[in-house]
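Take a look at the model first, then read on.

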Amino acid sequence: MGIIASIFVFCIAAVFRLLDNSAGVLISNGISVSPFYLSEKEVKEQIGKIQDEKLIKKLKRTLVFQKLHKVFLILSILA
C-alpha cells in the first residue's frame with residue numbers, strides 16, 4: 001500500500017512540474033531565457049524587471065507550482 005501511495009504522490013508532483021511553465025511564459029512574451037527549467041531565484045529576478053501585471057501574475061503562479069512540485073516530491077520519497 002505504501003508503494004502505491006508513493007507513486008500516487010509522485011504523479012501529483014509530476015503534474016505540478018508540468019504546470020510550471022515559467023520559461024514558456026517568458027519566451028512567449030519576447031524574453032529570451034537559456035535553460036528550460038528556471039530556478040526560483042531566476043524567476044524572481046525576472047519579476048523584478050517586468051512591468052506587465054498580467055505577466056507578473058503568471059510568473060508568481062509558476063513559483064507556486066515549483067514549490068508544490070518540491071513538496072510533493074519530498075512527500076513521495078517519505079511515503
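Contact here means heavy atoms within 4.5 Å. The model is predicted.

**Ser6 in helix 1**

Start with Ser6. This residue is found in helix 1, residues 2–19. Which residues does Ser6 touch, leaving aside neighbours within four places in sequence? Ser6 is in contact with Ser76 and Ala79. Its relative accessibility is 17%, so Ser6 counts as buried. The cut-off for buried is under 20% relative accessible area.

Next comes Val71. Its place is in helix 4, residues 53–78. Val71 has 42% relative accessibility and therefore counts as partly exposed. That class lies between the 20% and 50% cut-offs. Val71 also belongs to a nonpolar patch on the surface, together with Ile74, Leu75 and Leu78. Together, the four have about 390 Å² of accessible area.

The two residues can be set out in a table.

| Residue | Relative accessibility | Class |
|---|---|---|
| Ser6 | 17% | buried |
| Val71 | 42% | partly exposed |

Now turn to helix 3, residues 40–49. Which residues are buried in helix 3? They are Val43, Gln46 and Ile47. These residues lie on the same side of helix 3, because they cover an arc of only 105 degrees around the axis. The cover over the buried residues of helix 3 includes helix 2 (22–28) and helix 4. Helix 4 is also the place of Val71. On the other side of helix 3, Lys41, Gly48 and Lys49 are exposed.

Methods: Residues numbered from 1 in each chain as written. Predicted model: local features only at pLDDT ≥ 70, side-chain atom pairs only at ≥ 80, totals over all residues. Heavy atoms only, no water. Patch = residues over 30% accessible without salt bridge, like charges linked within 9 Å, V, L, I, M, F, W, Y side chains within 5 Å. Areas by Shrake-Rupley, 256 points an atom, 1.4 Å probe, with all protein chains shown as cover. Salt bridge = Lys/Arg side-chain N within 4 Å of Asp/Glu carboxyl O. Helix = DSSP H or I, 4+ residues; strand = E, 2+ residues; numbered from the N terminus. Buried < 20%, exposed > 50% of the residue type's maximum accessible area, 1.4 Å probe, protein only. Arc of directions from axis to C-beta.
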